[in-house]
Amino acid sequence: MDDFVRDTLAQAGLSDWIKVFKDEGIDTETFYMLQDANIEKLIPKMGPNLKFKKLLRRLKAEQTQNESPNHFPTHGHQKGEEATDMTEVLPSTSGTEQGKRKSGQQLDSKGQPAAKRKCETNSSTEREAKILSEVRNIMEDITAKLQDDSDLNKFLKEKIENLETEKRELVGVFGKTGAGKTSLINAVLEEENLLPCGRVKACTSVMIKVEANRHNKKYEAEIEFISPEDWEDELGSLLCIIEKRDKKIQDNDDYDTREEYRDALDKLSALYGEEWRGKSCKQLMDRKCFNILEILYSTPKTLVFDSADDLSADMVKYTRVPTKEKACEEIKQWYWPLVKCVTIRVPDNPFLQHVTLVDLPGNGDRNKSRDTMWKGIVADCSTVWVVGEINRIGTEKELWDILDEIESLIGNGGECQRIHIIGTKSDDSGKKLNGDEARTSILETNSNVKEYVREEINQLTKIKKHFSDECFQVFTVSATEFFMTEVLTLEETEIPKLQEVLQNLNDCHSETLNYVSGAHGILSLVHGASKRKEVRITS
């Protein structure tokens, strides 16, 4: 199999069939010779089969029009010439931030903000695949020429290796505990029982990523734990919080102090039961006394199940805080205070093809490793969903504090292009009514909330320095009605609108553009360093 066949299948969302094509020896020449009978044997599954036939018809039509790609020299470069050759293959990456950066942003010929990734519906998949193959060859040439072990050469080699890691569209989902984030994600992905919710309350510190499982048809969760050093540092902070508050008069505590205290109690009780009381940080870090700490010295743990329900049930102890519910009593040990991140992989989900949803705590974390990861992911989010209950979204200070907290990360050099304010549980306003009265009440409340939130957004002068009006959208959703449709239609739940957001991100994703743009940055660095004689490229 050659790069063209592999990349064409991958870009068309047919990665599962790459091995089949490889086993059958399908290369570029035989790819165009495939007939319906051959395709039936290669791809017996109807959905992918129809998608591939449509793709092949389009490619053959384009081939008939003799649309050939530019020629890109990949061998025999002279020192410092790589950036010049690369210019011929690069799609334009100027003006890459849509509706953003009022000051100094790139503009098109009409003076409007240039789009970040234009979805070229008439672009040639064959052309993109061949461009990708050519640029990969250039990167291989560059790697071979970076002979010495200087720090810069090591850095460049690592950057080139990282180009093969697919850049996914990150959608950050922010909101306080109980805002309905979990139910929202389950509804948008049409997986009602994927993320645990309901019987246990959400943990305030664990970050959860949800992405596609491209390797098999299983539901998986990879659980990454914090380091022993990080836990020891956090443990000291937790004990200090409890000691300070115990010395104060509780009635004089403000809300934040009480929440911090409860969080500290929850974490210590989850891991140590009541045995933590009266013990020092050093004693609580003794692995001989507390076997649970062994998990801090282990590799990430992977859970694998056939169904979302089974994965969710087993994942509870890593992501949720126990309550007095009977279901919680069956779980003997809870691990969530030691968890840094959980990555969930879902099979056969069209909304996750090139998108990763990230359920994030409202702001940073006192644990250094979690806080570093939080800041990094927030800065990389192309879309931000700020979530709050619809009956509180206008007055809840924390929701607007979240926007203020993340503004510096998404506004100054971040990837963010869209900020969506989402009011959840929109069906609440119609619960005491019946039939048409309930529906009318819900829709009227939705309309009023949207108007109010838009007015509030207009007052956010700080964040609006970085984002123009079209970057902001307001949604009022009901996950409950989406699955039950007792009062509202599917469209009125507004979950399909958010699904459309994800689908658009998938459709506009270009593996070629992301790879080539990254390669262009590397070659620019090489070219500049060569002129300054900071990097030596052998001939």
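1. The sheet is open and has nine strands, ordered β5-β4-β7-β3-β8-β1-β9-β10-β11, with mixed pairing. Two strands count as paired if DSSP finds at least two bridges between them. Helices (H or I, at least four residues) and strands (E, at least two) are DSSP runs, numbered from the N terminus. At the edges sit β5 (301-305) and β11 (472-476), each pairing on one side only. From one strand to the next, the twist averages 20°; axes are lines fitted to C-alpha atoms, for helices over the stretch in contact, and angles run from 0 to 180 degrees between N-to-C directions.

2. Helix α17 (residues 435-458) packs on this sheet, where it touches β10 (418-424) and β11. Contact means heavy atoms within 4.5 Å. The direction of α17 makes about 155° with that of β11.

3. Within the sheet, β1 (residues 169-174) and β9 (residues 381-389) run parallel and are joined by five bridges. Val 173 stands opposite Trp 385 in β9.

4. Please look at Lys 425, in the loop between β10 and α17. Its phi is near 60°, a positive value in a residue other than glycine. Lys 425 is partly exposed because its relative accessibility is 31% (buried is under 20% relative accessible area, exposed over 50%, partly exposed in between; 1.4 Å probe, protein chains only).

5. On confidence: this is a predicted model, in which local features need pLDDT of at least 70, side-chain atom pairs count only at pLDDT 80 or more, and totals for chains, interfaces and linings use all residues. Residues are numbered from 1 along each chain as its sequence is written, and side-chain values use heavy atoms, leaving out hydrogens and water. The protein chain averages a pLDDT (the predictor's confidence in each residue, from 0 to 100) of 80. Over residues 66-123, pLDDT stays under 50.
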